[in-house]
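Hi there,

Here is the structure I promised to pass on to you. Have a look at it first, and then read my notes below.

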Amino acid sequence: MATIELAGLRIRPTGAGLAADVDGVDLRALTDGEFGALRRALHDHLVLRFRGYSIDDVEFQHLAGRFGELYASPGYTRSRAVYNPAAPMVTIVSNVVEDGAPIGEHGDGELLWHTDLGFEEVPSALTFLLAREVPATGGNTSFANMYKALDSLAPATRERIARLKSKHQASHSSYGAKRPGFRDIETDDPRELPGPIHPLVRTHPETGRKALYLGRRFGGYVPGLPLAKSEALLDELWAAVDRPEHVWTQQWQVGDLVIWDNRCTMHRRDPFTGQGRRRMHRLMTKGERPV
Ligand SMILES: [Fe+2]
């Protein structure tokens, strides 16, 4: 697809269901005009990739902080309270174990489709993921365009879900393990699992566009419906998420910085078991209660 020039930035859409590459800008010294162009590009393309930049954690935290109030993942999801004292909001996603302890979260397995912190009442808005070490193969991250997912539904389904909500279950992580604090839970009945109730259709607070909004498939439930009807509806909605025309897959290189908007995208990760070290530095901005 054609490259777009905006305030000096070069924005090259991937041609897939979402995402664009951006260059032509110094991420360590963004002008107001460049920052405005980046925000607009994020609204238009939902996921932005910056390749071939060098940025340290302090600069990384400063950059992300321009997009909103930074919000670290909750303590019970992390192996350490602080990873880098110079950039205390940065968290680590990694399979690396040092001195018998993981240096970050999420190991090397598959992470199923999710949005970041969707299991909280106020999920995160943007996520910034910076690749410091990547394995030779595996660990790709796929993104889905949830505006397109909603638009692709049958009109009757869109009408039906406009006033329905779903549970984003909180007790299990994206690799299916029980989280600390939820280890005593025995049930796998979606009606009984804990988690916030969010609308199935949410309106993006900045673009005004409507997107399909789902928690993880496991443990999802549409309150007010019999379980079988909830399962059937969720299956229908989930079938719209990973259609090839809605998806783009990022193959990580060291130095890649990817920014995505959790309010209109979902993402998942391929496993990379046995493929070597992977270390990603992550920041998130605080979002708003989905409406
Ligand atoms: Fe995630």
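**What I found**

Let's begin with Lys148, which has its place in helix α3 (residues 146–151). Helices here are DSSP runs of H or I with at least four residues, strands are runs of E with at least two, and both are numbered from the N terminus. Please keep in mind that this is a predicted model, in which local features need pLDDT of at least 70 and side-chain atom pairs count only at pLDDT 80 or more, while totals for chains, interfaces and linings use all residues. Residues are numbered from 1 along each chain as its sequence is written.

Is Lys148 buried or exposed? Lys148 is buried, because 20 other C-beta atoms lie within 10 Å. (A residue is buried if 20 or more other C-beta atoms lie within 10 Å of its own, exposed if 12 or fewer, and partly exposed in between; C-beta atoms are placed from the backbone.) Leaving out residues up to four places away in sequence, Lys148 touches Gly17 and His246. Contact here means that the C-beta atoms of two residues, placed from the backbone, lie within 7 Å. Lys148 and Leu18 are 130 residues apart in sequence, yet 9.3 Å apart in space, C-alpha to C-alpha.

**The nine-stranded sheet**

Next, find the open sheet of nine strands, with the order β1-β2-β3-β4-β17-β10-β19-β5-β8 and mixed pairing. Its edge strands are β1 (4–6) and β8 (105–106), each of which pairs on one side only. Two strands count as paired if DSSP finds at least two bridges between them. Strands of a sheet pair through backbone hydrogen bonds, either parallel or antiparallel.

Start at the β1 end. β1 and β2 are antiparallel, with three bridges, and Glu5 stands opposite Arg10 in β2. The two strands make a hairpin with two residues between them. Ala7 is partly exposed, since 17 other C-beta atoms are within 10 Å.

Moving on, β2 and β3 run antiparallel and are joined by four bridges; here Arg12 has Asp21 of β3 as its bridge partner. This hairpin has six residues between its strands, and Gly15 in the turn has a positive phi of about 85 degrees.

Further along the sheet, seven bridges join β10 to the antiparallel strand β19 (residues 279–286). Glu133 has Arg279 in β19 as its bridge partner.

**Helices on the sheet**

Helix α1 (residues 32–45) packs on this sheet and touches β1, β2 (9–13), β3 (20–23), β4 (47–50) and β17 (257–261); its direction makes about 10 degrees with that of β2. (Axes are lines fitted to C-alpha atoms, for helices over the stretch in contact, and angles run from 0 to 180 degrees between N-to-C directions.)

Which residues of α1 are buried? They are Ala37, Leu38, Ala41, Leu42 and His45. These residues cover an arc of only 140 degrees around the axis, so they sit on the same side of α1. The arc is that of the directions from the helix axis to the C-beta atoms. The face turned away from this buried side carries the exposed residues Asp32 and Gly33. After α1 comes Leu46, with a positive phi near 75 degrees.

Helix α2 (residues 57–65) lies across β10 and β19, at about 25 degrees to β19.

**The core**

A nonpolar core is a set of buried Ala, Val, Leu, Ile, Met, Phe, Trp, Tyr and Cys residues joined through C-beta atoms within 7 Å. The largest one has 63 residues, and Ala41, Val47, Met146 and Leu212 have the most contacts inside it. Strand β10 (residues 124–133) gives the most to this core, with six residues. Leaving aside neighbours within four places in sequence, Leu212 is in contact with several residues, including Met146, Ala149 and Leu237.

**A second sheet**

Finally, look for the open, antiparallel sheet of four strands in the order β9-β18-β11-β16. β9 and β16 (247–250) stand at its edges with a single partner strand each, so one side of each has no neighbour in the sheet. Inside it, β11 (residues 141–145) and β18 (residues 265–269) share five bridges, and Asn145 has Thr265 in β18 as its bridge partner.

Enjoy exploring!
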